[in-house]
Structure formats: structure tokens, C-alpha cells
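Open the model in your viewer and keep the selection panel at hand.

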Amino acid sequence: MGWTRKDLLTIRELEPAEILTLVDTAASLQEIAGREIKKVPALRGKTIVNLFYENSTRTRTSFEIAGKWLSADVINFSASGSSAAKGESFVDTARNIAAMSPDVVVVRHASSGAPALLARELSCAIVNAGDGAHEHPTQALLDLLTIREKKGHFEGLSVAIVGDIAHSRVARSNIHGMKKLGMTVTVAGPPTLIPPYAQELGCKVSYRLEDAIRDVDVIMMLRLQQERMHAGLIPSLREYSRYWGLTLDRLAAHARPDVLIMHPGPVNRGVELSPEVADGPYSVILDQVAKGVAVRMAVLLLLAGGRGGEAHS
Amino acid sequence: MTTSMLIRGGRVIDPAASIDAVQDVLIEHGKIARVGGGLTAPEGALQLDARGKWVCPGFIDMHVHLREPGHEYKETVATGTRAAAAGGFTAVCCMANTQPVNDNRAVTDYIRAKADSEGVVRVYPIGAVTRGLDGKELAELAELAEAGCVAFSDDGHCVMNAELYRRAMEYTLPFGAPVISHAEDHTLSRAGCMNEGVVSTELGLPGIPAAAEDVMVARDVVLAELTGAHVHIAHLSTAGAVRIVREAKARGVRVTAEVTPHHLLLTEEAVRSWDPNTRMAPPLRTKRDTEALLEGLADGTIDCVATDHAPHALSEKEGEFDHAANGIVGLETAVALMLDRLVRPGLLPVSTLVSRLSRDPARLLRLPGGALGVGAPADITLIDPDATVTIDPARFRSRSRNTPFAGWTATGRPWKTIVGGRLVWEHVAEGQRP
């Protein structure tokens with residue numbers, strides 16, 4: 001299936017075939033990372049602006065490398081703090097950037113919906129690199145690519161997403177993507193970290209780690225933010241870790257031997273993941289990061305109008 | 001100018017007198033002189049052919065923000081009252097969250113002087129409950145009442161201190177002016193910017209549970225019972241709050257309530273557009289809530305419709321949803337939307353809507369008007385039930401344009417607005433006179 005959308009804003013709005021187009025394109029681009037000269041001319045003459053309103057090392061770097069390997073000119077625009085704090089409004093910043101005629105704007109913003117706002121204001125392609133607790137589509141795509149490589153297919157797989165579901169854009173994008181591709185999803189965590197009406201998203205809900213990880217193909221652990229403790233959502237990191245931390249013992253006792261352990265990073269070692277699990281044989285955390293570049297190349301390529309074949313020319 | 005006017009042949013809808021019939025209305029010296037069939041116009045009287053139109057007691061919006069003094073870039077008494085007239089309202093009550101706050105007589109006097117010199121409809125100020133709306137010390141409530149405040153409210157804020165709120169209710173008992181509650185428990189609503197529900201979970205926006213409202217409505221009902229004071233709950237938005245008010249009224253508690261057109265006509269689904277004009281406090285709720293609100297409005301649990309007209313500049317309503325200001329303008333859209341979406345499909349009898357917009361607010365606040373009886377002020381809202389209007393914010397009289405209803409089409413709209421016997425606004429079709 002071809003790609004016709006102007007923007008990549010959410011996984012929720014995509015058809016299953018569109019998700020597969022993105023994943024397949026990313027899969028075909030992975031070999032570029034192994035080349036001696038990591039450069040293809042697909043996006044030569046195109047301008048990509050990385051507009052990051054939130055701190056991010058991994059995602060911004062990943063988009064930057066992806067753009068550069070495709071020969072695009074990549075400009076990083078970091079706005080520290082909110083647009084309001086900076087004085088210039090988000091909409092004004094957007095219009096100013098639009099006036100410089102970029103081909104793609106990659107946006108990360110603490111406010112849910114900010115990329116959608118940008119997509120309405122700007123005629124160029126917009127990529128959502130994470131908005132509030134809404135969506136993080138490229139993270140879900142790289143997770144899906146990782147799962148398919150390890151498991152060979154999507155249909156029928158079961159996944160447990162564990163931790164702070166309420167504040168996680170990664171969880172939302174993955175839930176939508178996994179459901180669309182025929183996987184079953186269980187979200188698990190203390191009730192204060194499960195959003196209201198989570199079942200309406202099409203998942204099962206579990207309040208016990210041991211139950212949630214039993215017999216699933218994939219366990220995705222989410223990062224726990226310290227702020228949640230101060231907001232009164234959990235009593236202490238200690239208690240969270242005791243009941244929700246994934247350890248080798250718990251894995252051995254309850255999980256399947258071929259389970260995949262995923263984490264969008266950065267990992268709080270000793271909180272949601274014990275170091276032995278993070279670095280252990282089940283973990284595919286670094287595969288996820290590597291696939292992130294391929295996924296972002298695929299997204300930039302499809303949105304900036306290049307044809308997939310050019311990458312191999 | 002002429003001092004008399006005869007409105008001929010219109011359908012007179014006056015719930016206070018249980019009249020719904022084609023009749024004539026004679027106005028003399030700014031008051032209703034006669035209502036009946038086949039009236040003859042005195043010499044020199046202005047004659048208004050109202051055949052096919054509805055003639056109603058002037059509509060009263062008991063909850064608007066005129067923004068003056070202090071936020072004149074959003075709205076002024078001049079622009080806000082013109083918006084009111086164009087929306088079919090002959091009187092408005094303006095909330096105290098101005099800058100400075102209307103928590104002392106000087107500000108009340110200023111608003112009333114502005115209304116006298118620049119306003120085109122009646123303006124009744126609402127005084128603050130607490131100084132600076134900070135919820136800590138009572139404002140000078142007796143002097144505010146003497147200066148003409150018709151109610152007291154920290155609208156926009158909720159007086160979280162129950163003891164202080166109790167004292168406010170007791171202190172204002174002799175004035176016959178209700179305390180109006182913006183019922184929102186801030187410890188429950190926190191940073192929320194929309195209803196907590198399926199949509200907030202999908203969009204990843206922090207939610208405000210219905211319980212944030214229900215808890216406070218319950219508290220205020222209990223305090224009304226304790227003090228014997230009249231407590232009015234502003235902008236009811238939840239099925240739970242409707243249930244609590246209904247139960248309290250059945251027990252004889254002096255509680256009344258209002259609902260806005262937007263809480264009747266929109267749900268949380270509208271937020272999927274990310275349009276900051278779908279952000280308000282309280283937030284848009286669910287279909288179950290809108291149904292309960294409509295039921296409450298019909299059965300009298302909810303006493304009146306008020307717009308919570310909340311003008312904001314474009315810059316405050318075009319950016320990130322969670323940074324946007326709360327509220328929308330309502331004066332120029334309310335009547336047409338309610339006629340089209342509630343009365344036309346038979347969900348609400350027209351006489352009930354007219355009552356909730358005129359007689360009932362007048363009764364709650366002891367205002368003149370609200371009826372077309374002989375000797376009443378000649379405040380009259382005329383409706384063209386067959387005219388179709390497409391809502392175009394560019395044509396608003398209000399200084400602000402923040403509405404989620406742009407582009408909506410409605411059949412039935414205000415036609416002319418008369419205040420004290422004077423025509424203060426009339427609909428001019430596009431392409432006709434300016």
C-alpha cells in the first residue's frame with residue numbers, strides 16, 4: 001500500500017495496511033546502518049526541522065541521524081520550557097518556521113494535540129515525536145518492528161504493558177497499533193497509574209504484575225517518573241519497585257521462557273527493571289533503539305515524497 | 001422620540017401569565033400598558049407588525065463576563081451589552097472577576113456608571129464573595145448589596161473554605177441576594193482541562209472528574225440547609241449534580257441552578273478537534289450528562305439558562321489546548337441554538353425555554369421584568385422562528401470571537417430587542433442597510 005497522508009500524527013488514525021507500509025519500509029532501510037558509508041541521496045535538498053519543546057536525547061538524535069543518512073538538511077530547534085514561558089506563542093513559532101519553507105517538521109511537545117495544531121497551521125509534513133500523554137507514533141512503530149523481527153509475525157501475540165499507563169504516550173500509541181495488528185494487550189499497574197476507562201481502548205487491565213506477565217509474548221515496561229510519587233499516585237519508589245519491578249525471579253516464576261522484554265527508555269534501573277533483566281537475554285532494549293533510526297528514516301522518506309526505491313539506488 | 005409602541009399580531013409567549021396566543025402588546029412610557037386582541041394604537045405610536053413572530057418577556061442572562069474594568073481587550077460594557085441585545089437579551093448580570101475585582105463599592109459604581117452611559121441593555125453587577133476572589137476574607141457584602149449587586153459569587157473560583165462560605169451565606173441572608181457557587185473542588189480538578197473520561201484517556205489530556213462538581217454541589221446544598229440561605233449553583237454540568245439539586249429541592253432546600261447552552265448541546269467528543277474553544281470550566285461532559293441536564297431543565301430542577309459568556313482574545317484561544325483559557329462567548333448564539341436544537345425537535349417546550357430565559361432568572365434574583373404584565377418594564381425579546389442563521393463570529397458585536405459554534409446553522413433567531421420601550425437592536429439581513 002502506498003502512503004498518502006501529509007502528516008504522521010497518531011497511530012490511532014492509521015489503517016493496519018498503513019502501519020505495515022511504515023514497518024516494511026523501515027525493515028528495508030535497516031541495512032543502511034551496516035554500510036560503510038551511511039548515506040543515501042533520497043532526501044537531498046529537503047529540509048527537516050526538529051522542533052523539540054521537551055528535552056529528548058534519544059528521539060531527537062534518532063530523527064537527526066535518520067534525516068542525515070537520507071541526505072536531508074536537518075535543523076534542530078530546541079525551545080526550553082513551554083512556548084508560553086518563552087514569550088513567543090507556539091502558533092507564532094510555528095508560523096515563523098513555516099515561513100522558512102521546511103519540508104518536514106518533527107515536533108515534540110509537552111501538550112497533547114500540539115502536533116495536530118501544527119498540522120493545521122503548516123502546509124509541510126508534520127511528524128509527531130511525542131505529544132503530552134497522547135501519542136508517540138514512531139516509538140510504537142519501532143516497537144512493532146522489533147516484535148516482528150523477533151517473533152516473525154503480529155497476529156495472535158499477547159503483550160503486557162506495565163507501569164504508568166496514565167501518563168504514557170508510548171502506551172497509547174502501542175495499544176492502538178497492537179490492537180490494529182491483531183495482538184491482545186493487557187495494561188498493568190497500580191490503579192492510580194491506569195487511566196480511567198482503559199478497557200475502552202480495547203485492553204485488559206490487571207493490578208498484579210504476576211498475573212499480567214503470565215504467558216505473554218512481550219512485556220513492555222514503562223519508565224516511572226519521580227513526580228508521580230509527589231502527586232500522591234504512589235507511596236514510594238521503594239514500594240513501587242517491590243510490587244512492580246521486573247526481576248529475574250519474577251520472570252522465571254511467571255513468564256514464558258521466550259518472552260521479550262522491552263522498554264522505551266530511559267530505564268530507571270532498580271525501579272521498574274532490575275539491572276539483570278535490563279541487560280539480560282530476554283531484553284531487546286538496544287534493538288529498539290537501533291530500529292528507531294530505521295523507522296524514522298521510513299517516516300521521513302514516505303512523508304517527504306521520496307520513493308522507497310531511491311534508498312537503494 | 002415616540003413614547004408608545006404597538007406590537008401587532010405576534011404570538012405572545014408569557015409564561016408568568018400562562019399566555020401563548022396571538023395578541024397585541026401596547027407599550028407606553030417604557031412600560032407594558034396593555035396586552036390583548038385588537039388593540040388600537042394611540043396617535044403617534046410606533047407600530048410594529050409582528051405577524052409570524054414571537055413576542056416574549058425580555059431574556060435575562062444571569063451569568064456573563066463583561067470584562068470591564070481591566071480586561072477591555074476581551075470585552076467592554078459597550079460591546080458586551082450590544083452582543084446581549086443582538087442575542088435577544090434585555091438584561092445581563094456580570095460576574096465579579098474583573099481587574100480590579102468587583103469586591104468593593106467603587107467597582108460596582110464604575111460598572112453601573114459605564115452601563116448607564118454606554119450600555120444598551122440592563123446591567124446588574126454580581127459582587128465578589130471574598131476579597132480579590134482569594135477565598136480568604138469576606139468582601140464588604142452589605143455595601144456591595146447597597147450599591148446594587150444582585151448576587152454574590154467568586155465565579156471562576158470555588159470558595160474551598162467551607163466555614164467561610166457558610167459565613168458568607170449567613171451574612172447575606174438579610175439582603176435577599178443569593179450566593180452563586182462555581183462548584184468545583186480544585187483538589188479534585190487539579191490541572192485538568194477536560195472531562196475525565198474515555199476521550200481524555202485517548203487524548204492524554206488531564207481530566208476533571210464529574211465528582212469535582214458533585215462533591216461541591218453536595219457541600220453547598222448542605223450549607224444552604226444549615227444556613228437557610230439561597231444558594232444558586234452556576235453552570236451545572238453533570239448528571240450527579242442534577243440529581244443532588246433535584247433531591248435537595250424536594251426536601252425544600254433553597255437551592256436553584258442554571259445550565260449553559262454549551263453544556264446542553266456539546267459533549268467531550270468535541271474536544272477531539274483540539275479546538276481550544278471546546279475548553280471550558282466546568283468541562284464539556286458526556287451524552288448521559290447532557291440528557292440529565294435537559295431533563296432537569298424541563299422538569300424545573302434547573303431554573304434557568306445562562307450563557308456564562310466568557311470572552312477571550314484570539315491569542316488566548318488558539319494555541320495548545322492545555323494552555324488555553326477557559327470559556328466561550330455565548331450571548332449571540334444561545335437563543336438561536338436552543339430554538340433550533342431543543343425546541344424545534346420537540347425536546348423542550350417553547351414556553352419552558354422562554355420561562356427559563358426570562359421569568360425564572362427574574363424570580364431568582366428579584367429583578368424587574370421577566371413578564372409582560374401591565375406596568376412591567378417594556379423589556380421584550382422578539383423572535384423570528386422561521387429565519388435561518390449561520391453562526392459567523394466575524395459578525396459578532398462582542399469584542400471576542402471564541403465560540404465552538406462557528407458555521408452551525410440554526411432556524412429561529414432573535415429578531416428585535418426592546419429595552420424599556422426602546423428598540424435597541426434589530427436584525428438586519430445581509431446586504432441590507434449596514
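Start with chain A, whose domain assignment gives domain 1 (16-135 + 292-312) and domain 2 (137-288); these bounds come from an automatic or database domain assignment. This is a predicted model, in which local features need pLDDT of at least 70, side-chain atom pairs count only at pLDDT 80 or more, and totals for chains, interfaces and linings use all residues. Residues are numbered from 1 along each chain as its sequence is written, and chains are lettered from A and ligands numbered from 1 in the order in which they are written.

Colour the two domains separately. Taken over C-alpha atoms, the centres of domain 1 of chain A and domain 2 of chain A are 26 Å apart. Their contact takes 19 residues from domain 1 of chain A and 17 residues from domain 2 of chain A; two residues are in contact if their C-beta atoms, placed from the backbone, lie within 7 Å.

Which elements give two or more residues to the side of domain 1 of chain A that touches domain 2 of chain A? Select α1 (16-29), β4 (125-131) and α13 (285-303) of chain A. Helices (H or I, at least four residues) and strands (E, at least two) are DSSP runs, numbered from the N terminus. On this side of domain 1 of chain A, α1(A) gives the most, with six residues. By class, the side holds ten nonpolar, five polar and four charged residues. Here Ala, Val, Leu, Ile, Met, Phe, Trp, Tyr, Cys and Pro count as nonpolar, Asp, Glu, Lys and Arg as charged, and the others, Gly among them, as polar.

Next, show both chains. Contacts link 23 residues of chain A with 17 residues of chain B. On the side of chain A that touches chain B, at least two residues each come from α3 (83-86), α4 (90-98), α5 (114-121) and α7 (169-180) of chain A. The most come from α5(A), with three residues. This side of chain A divides into twelve nonpolar, eight polar and three charged residues.

Now hide chain A and select helix α1 (residues 77-86) of chain B. Is this helix mostly covered or mostly uncovered? It is mostly covered, with nine of the ten residues of α1(B) buried. A residue is buried if 20 or more other C-beta atoms lie within 10 Å of its own, exposed if 12 or fewer, and partly exposed in between, with C-beta atoms placed from the backbone. Among the buried residues of α1(B) are Val77(B), Arg82(B) and Ala86(B). The cover over them includes β6 (59-64), β7 (89-94), α2 (105-118) and β17 (409-419) of chain B. After α1(B) comes Gly88(B), with a positive phi near 90°.

Strands β1 (residues 4-14) and β2 (residues 19-28) of chain B run antiparallel and are joined by nine bridges; two strands pair if DSSP finds at least two bridges between them. Gly10(B) stands opposite Gln23(B) in β2(B), and Met5(B) has Ile27(B) as its bridge partner there. The two strands form a hairpin with four residues between them, and Ser18(B) in the turn has a positive phi of about 55°.

On β1(B), also pick out the four bridges to the parallel strand β4 (residues 46-49) of chain B, where Leu6(B) has Gln47(B) as its partner. Five bridges join β2(B) to the antiparallel strand β3 (residues 31-36) of chain B. In that hairpin two residues lie between the strands, and His29(B) in the turn has a positive phi of about 55°.
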